[in-house]
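Please walk through the model below, starting with its pockets and ending with its aromatic rings.

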Amino acid sequence: MKIHAIIETAIYVDDLQAAEAFYQTILGLAVIGKEAGHHVFFQVGEASVLLAFRAEATLKGDQLPAHGAKGPGHFAMGIEAEAFDAWRNLLQSHGVAIEKEVEWPRGGKSIYFRDPAGNLVELVTPGVWGLPSGW
């Protein structure tokens, strides 16, 4: 018996429309679910989901136990190594400030930037963690 992967990653945002525009328009993620005033969900690759919640709505609890967070969070999404420069150019063309770029000792690179809610988003190329999956 073992855990295979992280399937969902949750972030908390103040403005669902701004989150939807950012993740759909700039990062190209498909919206797979949304509820006005509560959440918008995005497909990431073939096997992962990014959940963007309004913390005020989820802290109340309803169908699920109450959850939420205050302040910016952090998560990383994988990209192809060959696309690293193209992603940098795309972000910059949309006026997204890149806070840092890192070349990691095991291999791979990262680009760090903020979403409209202040969450620290990271795009990583294979090799960052030296995992059997390539990441």
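**Pockets and aromatic pairs**

A pocket here is an open set of points on a 1 Å grid over the protein atoms alone, where a 1.4 Å probe fits and protein lies on both sides within 12 Å along at least five of seven lines; lining residues have an atom within 4 Å of a point. The model is predicted: local features need pLDDT of at least 70 and side-chain atom pairs count only at pLDDT 80 or more, while totals for chains, interfaces and linings use all residues. Residues are numbered from 1 along each chain as its sequence is written, and side-chain values use heavy atoms, without hydrogens and water.

Lining the largest pocket are 34 residues, with S48, A76, M77, G78 and W135 nearest its centre. Two or more lining residues come from each of β1 (8–12), β4 (48–53), β5 (74–78) and β8 (120–124); strands are DSSP runs of E of at least two residues, and helices are runs of H or I of at least four. Strand β5 gives the largest share, four residues. By class, the lining has 23 nonpolar, seven polar and four charged residues.

The second largest pocket has a volume of about 250 Å³. Of the 15 residues that line this pocket, H38, H39, F53, D62 and L64 lie nearest its centre. Here β3, β4 and α2 (55–58) are the elements that give two or more residues.

H39 belongs to strand β3, which covers residues 39–44. With a relative accessible area of 12%, H39 counts as buried (under 20%; exposed is over 50%, partly exposed in between, with a 1.4 Å probe and protein chains only). Leaving aside residues up to four places away in sequence, H39 touches L16, G33, K34, A52 and F53, where contact means heavy atoms within 4.5 Å.

Y23 is buried at 0% relative accessible area, and F42 is buried at 0%.

Y23 also forms a tilted pair with F75, at 6.4 Å centre to centre and 35° between the planes. F75 lies in strand β5, so this pair links parts 52 residues apart in sequence. F22, Y23, F42, F75 and F113 make up one aromatic cluster.

Methods:
Ala, Val, Leu, Ile, Met, Phe, Trp, Tyr, Cys and Pro count as nonpolar, Asp, Glu, Lys and Arg as charged, and the others, Gly among them, as polar. Grid points are joined across faces, edges and corners, and a volume is the space filled by probe spheres set on the points. Rings of Phe, Tyr and Trp (its six-membered ring) pair if their centres lie within 6.5 Å; planes under 30 degrees apart count as stacked, over 60 as edge-to-face and the rest as tilted.
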